[in-house]
Amino acid sequence: MFKMLDVITIGSATRDVFLKAEGFELRKHADSPTGVEQCFPLGAKIEAKEVVFTTGGGGTNAAVTFARQGLKTGCVGVIGSDFNGREIMRELKNEKVKTFFTTHKDDFTAYSVILVHPNAERTILSYKGEGQHFNPDEIKWKKLKTKWFFFDSMGGNWSMLERAFDYVTARNFKIAFNPGGKELGHGLEKLRPLLGQTDIFSVNKEEAEGLLNIKGSAKEVLAELDKLIKGITVLTLGPEGVLVSDKKNVYRAGTPDSPKVERTGAGDAFVSGFTSQYITSGGDITKSIQFATANASSVVAQYGPKAGILKKDDWGPWPLVEVEIF
């Protein structure tokens with residue numbers, strides 16, 4: 001008989017290659033998320049100092065966090081019938097994640113090339129491939145039995161997102177939702193009913209401002225977002241830390257002074273770390289923030305989104321962040 005899982009993730013699955021080089025010039029650029037762009041001369045051959053192959057994607061990254069925290073974990077995703085897809089499946093099997101993947105032969109598994117600057121920032125060249133072809137009719141929904149669902153980016157596929165919410169809410173399972181840009185691009189009015197059914201919702205401040213069409217302080221943005229969410233609202237602030245509301249209190253924490261190699265997967269590590277600790281601790285918000293911060297700090301200290309993910313009872317070498325209630 002099939003045993004119920006603790007959490008199932010639904011989201012992207014990619015094969016990634018990280019290239020670190022020293023020939024990239026930095027220039028100011030107003031439209032860049034960091035205000036800076038990486039530039040390299042056209043026609044030049046630039047030597048890569050390091051190359052690292054990994055797997056990524058929010059769905060698989062989160063699944064590994066949950067599995068390493070001792071939770072019985074499943075993962076739903078889409079891959080191509082190719083080497084990269086097999087590598088994703090192999091890694092998830094090694095992490096003891098039960099897979100519910102669909103495999104297509106008409107496109108390649110999603111693939112990213114990440115150009116890493118020595119300052120730990122990076123530029124990502126992303127090929128979505130099969131990841132943009134989520135088909136809700138191909139998912140074996142009746143096999144997805146779990147206490148929690150973790151929804152990450154589904155390539156902006158509205159029919160998939162809506163079907164996932166309908167399936168989960170009809171059965172009173174819990175939902176953690178960490179939308180990508182394409183999900184947020186559907187707009188507030190379309191997302192409002194889904195937000196009202198979400199138990200843990202996480203976005204960064206810039207994403208929240210875009211969704212709400214407002215500008216304001218982090219506390220003001222959190223307050224407006226919190227009105228829409230059924231449960232806990234997590235507003236990440238990059239280097240400034242995080243604000244969390246559980247409808248009774250607002251919690252605030254900064255970030256530790258830890259080494260940074262590159263930042264890919266930090267957001268996935270934070271929200272999956274928060275959710276995993278919330279589940280295992282019985283809803284302790286302070287512990288959830290502390291573990292989320294430790295998990296993200298560990299991930300950015302290594303190449304790739306999974307190598308630094310912490311294991312059960314290992315919160316890394318850095319002091320726990322101080323969590324303030326105000």
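Which residues line the largest cavity? The structure is a predicted model, in which local features require pLDDT of at least 70 and side-chain atom pairs count only at pLDDT 80 or more, whereas totals for chains, interfaces and linings use all residues. Residues are numbered from 1 along each chain as its sequence is written, and side-chain values use heavy atoms, with hydrogens and water left out.

One cavity of 30 Å³ or more is present, a cavity being a set of points on a 1 Å grid over the protein atoms alone where a 1.4 Å probe fits but cannot get out. The largest cavity has a volume of about 50 Å³, taken as the space filled by probe spheres set on grid points joined across faces, edges and corners. Its lining, made up of residues with an atom within 4 Å of a point, consists of Pro256, Gln290, Thr293, Ala294, Ser297, Trp315, Trp318, Pro319, Leu320 and Val321. Seven of these residues are nonpolar, three are polar and none is charged, where Ala, Val, Leu, Ile, Met, Phe, Trp, Tyr, Cys and Pro count as nonpolar, Asp, Glu, Lys and Arg as charged, and the others, Gly among them, as polar.

Helix H8 covers residues 266–280, helices being DSSP runs of H or I with at least four residues, and strands runs of E with at least two, numbered from the N terminus. Eleven of the 15 residues in H8 are buried (under 20% relative accessible area, with a 1.4 Å probe and protein chains only), including Phe270, Val271 and Phe274.

Methods. 1 Å grid on protein atoms, 1.4 Å probe; cavity = no way out; pocket = protein on both sides within 12 Å on 5 of 7 lines; lining within 4 Å. Expected span 1.5 Å × (residues − 1). Buried < 20%, exposed > 50% of the residue type's maximum accessible area, 1.4 Å probe, protein only.
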